[in-house]
Amino acid sequence: MIRLRGLRKSFDGTPVLQGVDLDLPSGKTTVVVGPSGCGKSVMLKHIVGLLRPDSGEVWFHDTRIDTLPERRLGPIRTRIGFLFQLSALFDSLTVGENLAFPLRENRTHSGAGFEDRVREALEMVDMAGSEHKLPAELSGGQKKRVALARAIMLEPEVVLYDEPTTGLDPERAKGIDDLVIRLKDRLGVTGLVVTHDIVSARRVADRIVMLDRGRVIAQGSFEDLVRSDEPRVRSFFEAAGHAASIS
Ligand SMILES: Nc1ncnc2c1ncn2[C@@H]1O[C@H](COP(=O)(O)OP(=O)(O)O)[C@@H](O)[C@H]1O
Ligand SMILES: [Mg+2]
């Protein structure tokens with residue numbers, strides 16, 4: 001459904017992505033793990049055209065999108081939900097207004113039914129009845145849930161999750177993981193989760209990809225990666241403190 005081919009990107013002469021190849025299978029959750037600063041968020045931004053590669057290709061179905069002009073990216077972006085690392089809710093808008101925002105922005109969804117869509121999306125993330133709250137009244141975990149509800153307002157085929165559990169305690173993190181699984185099971189969403197949280201990765205992943213120094217250095221099931229002979233994969237999983245208890 002989404003394919004990256006030979007993606008390269010440097011900032012001020014410093015290479016960040018150095019030839020990333022990645023395939024997102026439809027209806028599955030792919031998790032990208034890797035050390036902080038290795039280019040995970042930069043990679044996600046290329047998939048929605050917020051960044052353009054120096055070279056390489058980004059494909060969405062049969063459309064090459066890295067070369068599309070901005071005005072033609074708009075319709076593609078409505079098919080891809082993006083949960084940003086910081087929830088990025090509008091602080092002065094209520095939860096309901098935050099959720100209606102993508103509907104108002106998108107002319108194809110104008111008209112009646114806003115309240116119903118908002119209510120359904122809040123139910124999906126177990127936040128029913130919070131329409132009139134302001135973001136400041138929500139906990140960190142609740143903000144993530146609302147941001148996730150907003151990301152699915154236009155019923156995207158693909159949802160990109162940037163560090164969805166970072167900064168949450170283990171119980172709330174598990175709650176978000178459960179939602180990632182629920183969106184896949186109930187809505188058939190193709191997921192791409194970027195994280196350095198190994199517990200979360202194991203829970204949600206159909207497939208794990210490890211990124212290091214701007215390249216994919218391993219991919220497979222969680223167990224495949226835990227048993228990898230590649231030293232950088234080993235040390236990443238050991239540092240996360242779980243290899244011992246899993247292998
Ligand atoms: N817009 C930008 N301009 C310059 N440097 C950037 C930009 N975005 C990211 N970087 C740099 O690229 C590297 C990878 O960043 P990022 O993808 O955010 O890492 P992470 O894997 O933690 O998500 C970092 O060194 C970061 O400082
Ligand atoms: Mg990041």
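## Ligand shell, strands and helix packing

The shell around ligand 1 is made up of 4 nonpolar, 5 polar and 1 charged residue, where Asp, Glu, Lys and Arg count as charged, Ala, Val, Leu, Ile, Met, Phe, Trp, Tyr, Cys and Pro as nonpolar, and the others, Gly among them, as polar. The structure is a predicted model, in which local features need pLDDT of at least 70 and side-chain atom pairs count only at pLDDT 80 or more, while totals for chains, interfaces and linings use all residues. Residues are numbered from 1 along each chain as its sequence is written, and chains are lettered from A and ligands numbered from 1 in the order in which they are written.

The members of the shell (C-beta atom, placed from the backbone, within 6 Å) are Phe 11, Val 16, Gly 34, Ser 36, Gly 37, Cys 38, Gly 39, Lys 40, Ser 41 and Val 42. Helix H1, residues 40-47, contributes the most to this shell, with 3 residues; helices (H or I, at least four residues) and strands (E, at least two) are DSSP runs numbered from the N terminus. H1 also lies across strands S1 (2-11), S2 and S4, and runs at about 60 degrees to S2, the angle being taken from 0 to 180 degrees between N-to-C directions of axes fitted to C-alpha atoms.

An open sheet of 4 strands has the order S2-S1-S4-S5 with antiparallel pairing, and its edges are S2 (14-24) and S5 (63-64), each of which pairs on one side only. Pairing requires at least two DSSP bridges. Within S5, Arg 64 is the bridge partner of Trp 59.

In the loop between H1 and S4 lies Pro 53, which counts as buried because it has 21 C-beta neighbours inside 10 Å; the cut-off is 20 or more other C-beta atoms within 10 Å, with 12 or fewer for exposed and partly exposed in between. Apart from its neighbours within four places in sequence, Pro 53 is in contact (C-beta atoms within 7 Å) with Leu 7, Arg 8, Lys 9, His 46 and Asp 66. The C-alpha atom of Asp 66, 13 residues away along the chain, is separated from that of Pro 53 by 7.2 Å.

Strand S3, residues 29-33, has 5 of its 5 residues buried, so this strand is largely enclosed by the rest of the structure. Val 33 has Thr 195 as its bridge partner in S8 and stands opposite Met 210 in S9.

| Strand pair | Sense | Bridges |
|---|---|---|
| S3 and S8 (residues 190-195) | parallel | 5 bridges |
| S3 and S9 (residues 207-212) | parallel | 4 bridges |
| S4 (residues 55-60) and S5 | antiparallel | 2 bridges |

Helices H3 (residues 95-105) and H4 (residues 114-124) pack at an angle of about 115 degrees, their axes lying 10 Å apart, and their crossing is right-handed. On the H3 side the contact is made by Gly 96, Leu 99, Ala 100 and Leu 103, and on the H4 side by Phe 114, Arg 117, Val 118 and Ala 121, a set that divides into 6 nonpolar, 1 polar and 1 charged. The buried residues of H3 are Val 95, Asn 98, Leu 99 and Ala 100, and what covers them includes H4 and helix H5 (140-151).

Conventions
Left-handed = near helix turned anticlockwise from the far one by under 90°. Contact = placed C-beta atoms within 7 Å.
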